[in-house]
Structure formats: structure tokens, C-alpha cells
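Subject: Structure for your files

Hello,

Here is the structure I promised to pass on. My notes on it follow below.

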Amino acid sequence: MKGECDMGMTFRPSETSSLLRTWALLPHFLCQLPVQTSLALLLLLLILLRSPTASSSRDQQCASSVQRTLKLTRLIHTESVDLIKTYRASQGDMSHLFCKVSIPDVPEPNISGLEPSERTESILRHLRVFSSHLRRVYEQQTDLQRPDSGLLVQLDTVGERNRGLEALLRNFYRDVFPNLQDWPAGAPASLPPAQNTFQQKVYGCVVLKTYKDFLLNVCRELRSMRSRVCRGRRNFL
Amino acid sequence: MSAGRLPLLMLAFLASASSTSGEITSHLVITPQSPVIQIGTNFTATCVITDTAETTADDLYWNLSQIIIPKNQYTKINESALSVTILVNSEKPEWLYCRSREKSPYISVNKGKFIHGILLTKVYPPDKPTNLTCIATQVKAFIFSNLKCFWETAGYHTKEMSPTTYTLHVEHMIDQVYNVSTKGNSAQVSMGVFPFHLLLDVWVVAHNHLGSKESEHLKKDADWFVKTNPPSGVKVLPDETLPTSLLINWTPPIVKDYFILKYHIRYCLNGSDNWINVPDVDIAEDIQSFRLQNLQPDAVYAIQIRCKNTKKDHGYWSDWSPRVTKETPEDRPTSKPDLWTIIADSEHKNEREVTLICRDPVFSNGRITSFNLEIQTQKENIRNGSMAWDYISVNRSVADSSQSQMVTILKKISLPYQSYMMVHVTAINSVGTSPQASLGIPVKTHERNLVENLKVWPQEGQLFLKWNVTNNTSVTEFIVEWVSGIDIDWQREKRNTRQAALKGNIEKFICYKISVYPIYNGWKGKPATIEAFLEEGAPLEGPSVRLNVKPGRNEAELVWNGIPLHKRQGFITNYTIFYSSGNEIREITVPANITSYVLTSLTGNTKYDTWIRASTIRGSANGTNHSFTTLKYAPGEIEMIVVGVSLSFLFVVLMTMLLCIYKRDMIKKNFWPWIPNPGESTIVNWSPDYPLKPETPKENCLSDISVLDMDVNDDKSVLEEDKTILALKKDKYLSEEHSSGIGGSSCMSSPRQSVSDSDEGGEIADTTASTVQYSSVVASSGYKGQTPCVPPQQVIFSRSESTQPLLDSEENPDIVQEGSRQSQLFPQSPCFTHTAWNQDGASSSKFNQLEMEPQEALLSLDLCPLAEDSVLTTPADRQSAPLSSYMPQLCGYRSQ
């Protein structure tokens with residue numbers, strides 16, 4: 001029988017190193033036992049290993065999703081920094097004073113909520129709002145800049161990336177919080193009324209600066225969320 | 001009702017509806033109307049008869065491309081419908097016709113209504129695109145807007161009838177879908193802003209008339225498709241403190257917020273393509289500088305970098321950055337200079353001319369500025385003194401210093417055969433001195449010949465050598481040397497090596513003299529040498545032929561020089577000598593070691609063209625043409641002819657002289673016949689006073705006539721001396737002459753007198769002589785026993801038949817006497833009278849009278865026979881008359 005076991009049983013290593021060691025020793029161990037006992041033990045082992053393996057896979061998926069979201073957030077933050085530089089350079093004199101003004105219609109960059117889900121919902125709401133503001137800034141700058149201006153390209157790029165970040169975070173929210181509502185409803189963004197050119201310039205700069213600060217907060221939040229949410233995924237099942 | 005019948009009924013309905021409207025164009029209708037058929041499948045078509053009873057399904061038949069389809073492929077559905085099934089196995093579009101036989105006049109008249117055709121469109125089904133690959137190439141700093149995808153297609157395509165169209169689909173998480181269609185195998189999607197860190201779903205759909213097939217979906221992060229630009233701003237910095245390293249700095253093409261990059265770094269010696277890759281494990285991720293180590297000092301290196309996403313299988317390697325070259329700092333030479341010698345026999349006896357040459361150390365680590373040379377000869381060894389180093393400065397440009405194979409001539413010295421020497425050399429650069437290289441040259445007689453059986457052969461563009469060694473114990477290494485013209489090169493091989501390839505730049509068509517020297521304990525041994533070509537070719541030119549010396553009459557010696565080494569291009573196998581003297585060309589092949597040849601069997605005085613063709617195993621080349629002309633006469637031939645002719649002439653002269661000497665009498669008689677001088681004739685003393693003795697005439701009645709033997713001068717002297725006498729006796733003489741009967745006497749009409757006359761009147765004399773010669777009369781028997789008183793009738797005259805001159809007959813006195821006697825009997829007056837020849841001018845009138853005109857003389861000569869005849873006929877009469885006037889005439893001469 002020992003010979004048959006050696007001949008017939010082949011095991012492939014699992015994904016983790018611990019499992020790898022376990023699987024590596026298992027054939028040798030099972031071959032020392034009678035066939036019926038071996039099969040029973042193997043079945044039991046598979047049952048025991050099933051839940052942690054699935055949980056680990058989900059954790060990995062969660063972490064991967066957070067990681068991808070975090071990467072994109074960093075990228076948008078980097079691009080927003082460049083965008084602000086470009087914006088200031090393209091607005092003429094006194095541009096360094098534009099961003100120091102506070103405009104009430106522009107949301108605060110802070111993320112609200114206590115639970116990860118709430119904070120995630122807060123991020124999603126902010127992203128939607130900022131998406132509207134960014135579009136408005138783009139429209140205003142279209143009138144102020146030449147069509148081939150690099151500022152417009154960068155504004156478009158940041159706007160597109162913002163949409164992508166929103167999509168990523170939405171997927172994350174669905175994956176991590178499947179039992180919650182599908183999409184956190186929020187009030188539509190309140191855009192400022194018609195503005196003069198100076199006001200447009202100030203408005204755009206404030207939006208970009210606030211957006212950059214918000215992205216920085218999102219990065220912090222995602223790093224926190226990666227450790228809090230993805231490693232304790234079994235608690236949310 | 002089956003589903004298959006439904007279209008037929010609809011078709012019939014349509015046909016009937018159209019017939020009611022009076023627009024019938026055909027009574028036959030095929031369904032389906034415009035089919036697209038998959039190649040390789042069966043196709044069934046049905047022909048329906050509408051609105052006529054002229055024909056039935058039994059009368060229908062099918063045509064496919066003008067060929068009637070066999071009936072076994074028909075299926076009769078009913079009396080008005082016939083279907084056919086065909087296998088579509090070709091791509092070519094064809095027409096399928098349904099026709100009716102002309103069984104009635106109506107059908108014959110309306111043929112067009114009983115025929116219907118459809119075009120069969122044949123296509124292959126679309127195949128699933130495979131191996132989908134997409135690349136997003138970096139356009140500007142952070143712009144990767146375009147995604148270009150490639151895929152492969154398999155199977156058959158019908159490009160004409162139903163081409164396959166491919167549609168590239170790109171979709172990402174924010175529900176944006178980009179589509180682009182093409183008929184090729186690649187397409188490009190412009191996405192505006194490249195969605196970094198978002199998932200992309202890419203796939204291709206192939207579709208044509210028969211349907212569509214979708215490729216596998218490529219669901220990857222957008223980073224997965226990215227190919228960035230190579231790193232920019234690559235700078236290489238040398239470090240003086242570390243001559244074996246270079247520091248590289250660069251700028252990544254994108255910031256790490258997009259993705260983290262990893263790098264490949266490679267380097268090589270400038271000008272070489274042998275790149276050395278820095279191991280991946282030595283290069284950390286997300287770096288912007290790297291230090292290359294273990295490089296050669298004072299070497300120019302070329303360096304390149306490329307980058308890629310750090311994540312496994314994500315992205316593509318960028319192109320290599322442009323080459324950046326940098327030179328490492330100098331270091332002291334770390335290897336020996338390559339010392340070698342060229343030994344040749346000296347002009348002085350028992351000496352060798354040794355040229356010391358060397359190449360820079362392989363690891364010169366800088367520009368060699370000088371060599372230190374020490375020569376230790378036998379003499380210095382005996383003295384045990386330390387030799388001073390010779391400092392040999394080298395002036396080289398930077399370009400020269402990069403060529404480590406450059407040969408430096410250190411020194412030339414003369415070394416006696418019986419002496420040895422040891423040479424030590426070190427190379428010096430700006431940093432330090434190299435290790436010492438040494439080479440000994442032994443006494444000539446002590447040179448050891450250890451290498452044998454040296455063979456060489458070309459292989460794969462290289463020359464390979466193989467040799468054996470008789471005694472391997474003392475050999476430390478081998479030096480393989482090859483020489484072509486003035487170029488020399490060498491390489492070192494280990495002591496165990498028996499086969500090697502020449503590592504230098506060996507060129508085709510050049511003769512290399514290859515030598516293998518054994519080096520035993522640093523001493524140079526005796527080499528084995530062989531010549532070889534890497535590849536042979538035809539000679540570039542032929543030898544120039546010329547004549548060694550002037551050509552002979554039948555031979556010419558040709559001489560030619562060997563072709564210069566650089567133009568031979570191979571081993572000369574033979575020379576072919578061509579020479580021609582017109583259309584015929586003759587050739588002679590001689591071995592390659594022959595440089596002269598003697599052409600023989602040439603034709604004299606002929607122009608020859610000659611040239612020589614040199615041949616190798618690969619071809620041949622003709623030399624320049626040389627013309628020469630052979631001599632008309634061989635050397636000495638003219639001299640021989642001249643000498644022969646001269647000798648012959650001399651011989652003839654001598655013989656003539658001898659003949660003249662020994663035969664002078666005969667010649668004298670022949671050319672200058674003796675003529676009796678009439679002046680001395682006793683007849684002048686004759687006078688009528690002498691009694692006429694009736695002596696019995698002598699047998700030779702003319703014996704008393706003295707022949708005048710005198711020349712003209714004699715004649716003159718005689719005449720002058722006797723002139724007075726003659727004048728005194730003129731009348732007497734005349735009377736005597738006349739009375740002597742010379743003119744008419746047969747006895748005195750001697751021909752000799754006539755001959756002597758010829759001295760003054762040649763013509764007359766000749767005539768006379770001839771007359772005398774050929775008109776002499778021989779008295780055959782009349783004189784024998786003749787007496788003066790012999791009756792005339794007893795004298796018998798007969799004409800001589802002889803042509804011999806009478807002068808010849810004078811050699812015989814008897815004959816002369818006989819002739820004289822005969823002449824005496826000859827009547828002279830009718831022919832010629834010469835008695836007046838010796839007369840003075842006073843008697844010239846008489847002489848003129850006597851001397852007739854030549855014609856007359858000739859006439860008289862001609863008439864002589866008549867006279868003779870007359871004499872013959874009337875001898876008695878003629879004799880009787882003189883006798884009457886000069887009685888003693890015949891016999892009255894006094895005896896001489």
C-alpha cells in the first residue's frame with residue numbers, strides 16, 4: 001500500500017508558504033497510514049483549509065483593489081501638483097494669491113465618517129463633487145486659454161483620472177461592503193454661479209488646490225483602510 | 001408543412017402576384033436568390049415553375065458554369081419544383097442556372113422566360129483571432145494615449161467576395177469602450193487619457209457574411225501594455241581614484257507614481273559589439289545611478305540602459321538609450337609587452353641582423369610613452385657587468401595608442417652566429433611600468449628545431465595551423481608568426497597547443513609566410529615555415545615577357561619575371577607561353593619555377609607575337625604582349641656566304657692565272673695569232689733578177705714564206721725604218737707585189753696576211769679572217785708530189801668542209817704548209833686584195849682601189865665560191881694566165 005500511495009498521490013503546493021510546507025509533508029505523512037484513514041484525514045484537512053484559503057484570496061483581492069486605488073490616487077495627486085504649477089503659470093500676475101482665497105461652493109478636502117464604509121462613502125461623494133468642479137474649471141479655462149494649451153490637457157487628464165478613481169473606489173466599495181447600499185447617494189455638487197475672469201481664475205485655483213489636498217487625505221485613508229479592512233476581511237463576512 | 005417548403009410557397013406567391021401585374025420576366029425562379037455559401041459545404045437550390053403549363057419539373061435541368069449538373073443531384077419536389085444539391089469547394093464565384101428543355105414552340109420562342117440564374121457567393125467562415133498583443137508606447141513625457149494591438153489570423157480568407165473585418169474593442173472600468181475596425185491584423189485605439197492603474201479589457205472580433213468570431217479577452221492593468229521611452233540624460237562619470245569603474249546617472253522616462261521601473265545596463269569597449277550585460281541581481285529597482293566595476297583602465301566604453309515596469313510580465317522593455325561613451329582613467333600596465341625579434345642574415349659574414357620589435361602590453365592601461373630595453377649579450381655575461389637600460393621613447397597619437405596591435409621597432413643589432421643574447425623589455429605609461437618581458441636568441445648552431453609537420457588550411461574564413469613537436473619537455477610556449485610583404489604579426493600559443501587559428505586580420509588572395517617558433521625557457525628556437533593563402537584567386541596580371549637576346553632565325557629565348565607577390569593571389573601552378581605568327585596560335589606550358597624558355601622551330605624573317613599566361617588553381621591572367629621578328633639569316637650565315645663567294649672568286653682567279661701562265665702559249669696563239677711580217681718576208685728580196693729556176697717545186701711551196709710576227713709598233717718601226725727603203729723601192733715593190741701575184745697568185749694570197757691586216761682594219765681583217773677561215777681550200781692530193789710544172793689539169797681543188805680556223809691549223813706546221821700551199825693555189829683577187837695594207841699613204845689610192853667597200857668585200861666573199869667554182873671549173877685558165885706574166889711566180893720564191 002505504501003508503494004501505491006507513493007505512486008498515486010501527488011499534491012500541489014498552495015498559495016502560501018505555510019501551506020506549501022504542509023502540502024510538502026502531507027504525502028509522506030499519509031502514506032504511513034491505511035488508505036481509509038488517509039482519505040478521512042485528507043477530507044478533514046481540506047474542510048479545515050477551505051475557509052482560511054478563501055478568506056485569504058479575498059484579502060488579497062481587497063488589498064490589490066486598495067493598492068490599485070492608492071496608486072491611482074498618488075498619480076492623480078502628482079499630476080494635480082503639476083497641474084497647479086501649470087495653472088499658476090498660465091493665469092498671469094498675482095496668481096500666487098489666487099489659491100489663498102476661500103470659496104464656499106468648493107467642498108472641504110476632509111473625509112468624514114467613522115467606519116471604513118462611511119469614510120469610503122465620503123470619498124466617493126467628494127470625488128463626484130470634485131468631478132463637477134473640475135469640469136467647470138475646464139470649461140472656464142477653455143475660454144481663457146488657447147486650444148493647444150497644456151493646461152487644458154492636464155485638466156482633462158486629471159478629470160479623466162478622477163473618474164477612474166471614482167470607478168475604482170466604487171468597485172472597492174462593492175467588493176468590501178457588499179451588504180451595504182449599492183451606491184452612496186449624495187447631493188449633487190453646487191457649482192458657483194456665473195463668474196468674471198478673475199473669479200474664474202481664483203475659483204479654478206481653489207478647486208485644484210482643494211482637490212490636491214483631498215487626494216492627499218485619500219491616500220492616507222486608503223493606507224489606513226488597507227491595514228484595517230483587508231486584513232480583517234473575515235470580520236465582514 | 002415543413003419549414004423548407006415555406007420559402008417555396010412564398011416564392012410562388014410572389015411569382016403569381018407579379019404575373020397578375022403583367023410583369024412576368026421569367027417562368028422559373030430560384031430560391032435562395034443571393035446566397036452566401038460557406039466553402040466546403042453542400043448547397044441546395046430550388047427552381048420553381050410559375051404561371052405556365054408549358055413545362056414541368058421533369059423538363060428542368062441545372063447548369064453550373066455552363067456545365068449541366070448530373071440528374072442524380074436533382075430532387076423533384078413536385079411537378080413544378082426541382083431542387084439541386086451541389087458541393088461548394090472552390091472560391092471562384094459561379095452562376096447557377098435553372099433551365100427548361102424546349103419541348104414546345106412557346107418555350108423556343110420565349111427562351112428568356114425559361115431560364116433563371118443566381119450568383120453563388122462563396123466565402124470561408126471567419127477565424128478566431130489569436131495571439132492578441134497590445135502596446136501603449138510613450139509619446140511624450142506622460143502621454144500614452146494610443147494603444148496599438150496586433151493579432152494573428154488563421155485559415156482561409158476570401159478577400160474579394162466577403163472579406164473578413166476585424167474590430168478591436170478596448171473597454172476600461174469607467175465603461176468607456178473604444179472600437180476600431182480594420183481588414184488587417186493590427187489596429188490602433190486612441191483613448192485620450194491613458195487609464196493608468198485601471199483594468200483594460202481588449203478583444204478582437206472577426207466577422208464576415210457567414211458570422212463573427214471573437215478572440216480571447218485580454219484583461220490587464222493598463223500598465224501591462226506600456227512601453228516607456230528609454231531613460232534619458234544618461235551621463236557617465238569616470239573616477240580618477242578608481243580607474244576600473246565608471247559611474248552612470250540617468251533620468252527615468254516616467255515618475256514612479258505611474259509605475260516603478262527596473263533597468264537593464266549593458267556596456268562594451270567602444271567599437272566592439274560584444275555587449276556585457278550587468279546581472280539583474282546587481283541592479284536595484286527604481287534607481288537613477290549605477291557604478292560599473294572591473295573595467296579596463298584607459299579604455300573607452302559604450303554604455304546603454306533600458307527600462308521596464310518592475311511588476312512581472314507588466315509592460316515591455318523600452319528601447320536602448322543612445323550610446324554614451326566614456327574613457328576610464330589610466331593605470332600602470334599590468335601585463336608584459338609582447339617582445340619579438342626578426343632575424344635576418346647580415347651583410348657581414350657570420351653575423352645575424354636582429355631587429356627587436358614589440359607590441360604594447362595587452363593591458364597597457366594607458367598610452368605607452370616609452371620602453372626600457374636591456375640587451376644582455378655573451379660578452380656582457382662574461383664580464384658579469386650590469387647593463388644599463390636603454391630608454392626608447394615612443395611618440396604616439398591618441399589614435400595610435402588605441403591600437404594595442406601596433407608594432408614598435410625597438411632596436412637593430414648585429415649578432416654573430418656564435419654569440420647569444422637575452423633581451424629584456426618593460427613598457428611605461430604615465431602611471432607606471434609594466435612587468436618585464438624577456439626573450440633569448442641562442443647561438444645559431446644551438447637553435448633547436450623542435451617543430452615539424454607544419455600544416456595549414458583555410459576554414460570558415462580563418463587559417464588554421466597544425467604542427468607536431470619532437471620533444472615537448474623544454475617548450476614553454478609557441479610563437480606563430482605570419483609575414484606578408486613588409487607586414488609582420490604574431491601570436492602566442494601555450495606549450496600544449498598543437499593547433500591554432502591565426503587571430504590577425506587575414507585577408508584573401510594574400511600570401512602569408514607562416515612560421516611556428518618554439519620557445520624553450522625563454523629562448524627562441526628554429527621555426528617550421530610554410531606559405532599559405534586564405535583563399536586563392538586568379539592572378540591580377542600576367543608576367544611581362546621579353547627577349548633575353550636578339551631572336552635568331554629559328555629560335556628566340558623568352559624571359560619573364562615572376563608576378564609580384566601582391567598580384568599573384570595564389571600559388572602559380574604553371575605558365576603557358578603563347579606565340580603566334582598570324583592566325584595560328586601555339587602554346588607551351590611550363591612549370592611555375594621556370595622563368596625563361598627558348599622557342600624553337602620558328603620561321604625566319606617572321607613577326608611573332610608572344611605573351612605568357614600565369615595560372616593558379618582559381619584562374620589565370622595573361623601578361624603583356626611582346627612582338628619580335630626572327631632574322632632572315634642566321635648569325636654567321638652571311639659571313640659564310642661572303643667568305644665562300646670570296647674564296648670561290650679567289651679560286652677562279654687563281655685558276656685563271658694559273659691557266660694563263662701554263663697555257664699562255666695557247667692563249668697567245670688563240671687570241672693573238674702569229675702573223676708573218678710581210679716586211680720580213682723574203683719576198684721583198686725577191687727580184688726578177690733571180691733566175692727563175694725551173695726547180696722542182698718543193699712539196700711545200702709556201703714554206704719559204706716567213707710569217708710576220710710583229711705587233712703594230714713593230715710594224716710601224718719596220719715601216720718607218722723601211723719607209724725610205726720602201727719609198728725607194730716603191731715602184732719596185734708595187735711592181736713586185738703586183739708581179740708577185742699576191743693579188744692574184746694563188747700561192748701568195750695567204751690568209752695570214754689578211755689577218756695581220758686586221759690590226760688596222762679590224763672589220764676588214766675579221767672579214768678577211770673569216771673569209772680565210774671558212775673559205776680555205778684544201779688540196780687534197782694535189783700538193784703531194786706536186787711539181788711546178790704539173791699540168792693544171794692534175795690539180796684537184798676541193799672545197800674544205802672543215803670549220804676549224806686556219807690559225808689552229810697553224811699549230812701544225814705541216815697543215816700550215818699544206819694550207820699555205822693550198823692558199824697559194826687560191827685565187828685571191830676576186831675576193832680580197834690586201835697587199836696594199838702594208839703600203840704607205842701614197843699607195844692608199846691603190847689600196848682604196850684594192851680595198852673595196854665592205855659590202856663589196858662581203859659580196860666578194862660571198863662571191864668567193866663562185867670564184868672558186870670558176871677556179872674549179874677553169875683551173876687551167878686561171879693558172880695559165882699568171883704563168884704567162886709571172887712565170888716563176890709559183891715556184892719562184894726563194895727558199896726562206
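How do the axes of helix α5 (residues 116-144) of chain A and helix α6 (residues 150-176) of chain A cross, and within what distance do they come? They come within 9 Å and cross at roughly 160°. α5(A) and α6(A) are therefore roughly antiparallel to each other.

First, the conventions. This is a predicted model, in which local features need pLDDT of at least 70 and side-chain atom pairs count only at pLDDT 80 or more, while totals for chains, interfaces and linings use all residues. Residues are numbered from 1 along each chain as its sequence is written, chains are lettered from A and ligands numbered from 1 in the order in which they are written, and side-chain values use heavy atoms, with hydrogens and water left out.

Helices (H or I, at least four residues) and strands (E, at least two) are DSSP runs, numbered from the N terminus. Axes are lines fitted to C-alpha atoms, for helices over the stretch in contact, and angles run from 0 to 180 degrees between N-to-C directions. Angles under 35 degrees count as roughly parallel, over 145 as roughly antiparallel, 65 to 115 as roughly perpendicular and the rest as oblique.

Chain A, helices

The contact of α5(A) with α6(A) has 15 nonpolar, 7 polar and 6 charged residues (nonpolar: Ala, Val, Leu, Ile, Met, Phe, Trp, Tyr, Cys and Pro; charged: Asp, Glu, Lys and Arg; polar: the others, Gly among them). α6(A) also packs with helix α7 (residues 197-230) of chain A, at an angle of about 25° and with the axes 13 Å apart. That makes α6(A) roughly parallel to α7(A). Residues that meet there include A:L165 and A:F172 in α6(A), and A:L215 and A:M225 in α7(A) (contact means heavy atoms within 4.5 Å). By class, this contact of α6(A) with α7(A) has 12 nonpolar, 1 polar and no charged residues.

Chain B, sheet

In chain B, 5 strands form an open sheet of mixed pairing, in the order β2-β9-β8-β4-β5 (two strands pair if DSSP finds at least two bridges between them). Strands β4 (residues 60-64) and β8 (residues 94-100) of chain B run antiparallel and are joined by 5 bridges. B:W62 stands opposite B:C98 in β8(B).

Between the chains

In the interface, 15 residues of chain B are in contact with 16 residues of chain A.

Regards
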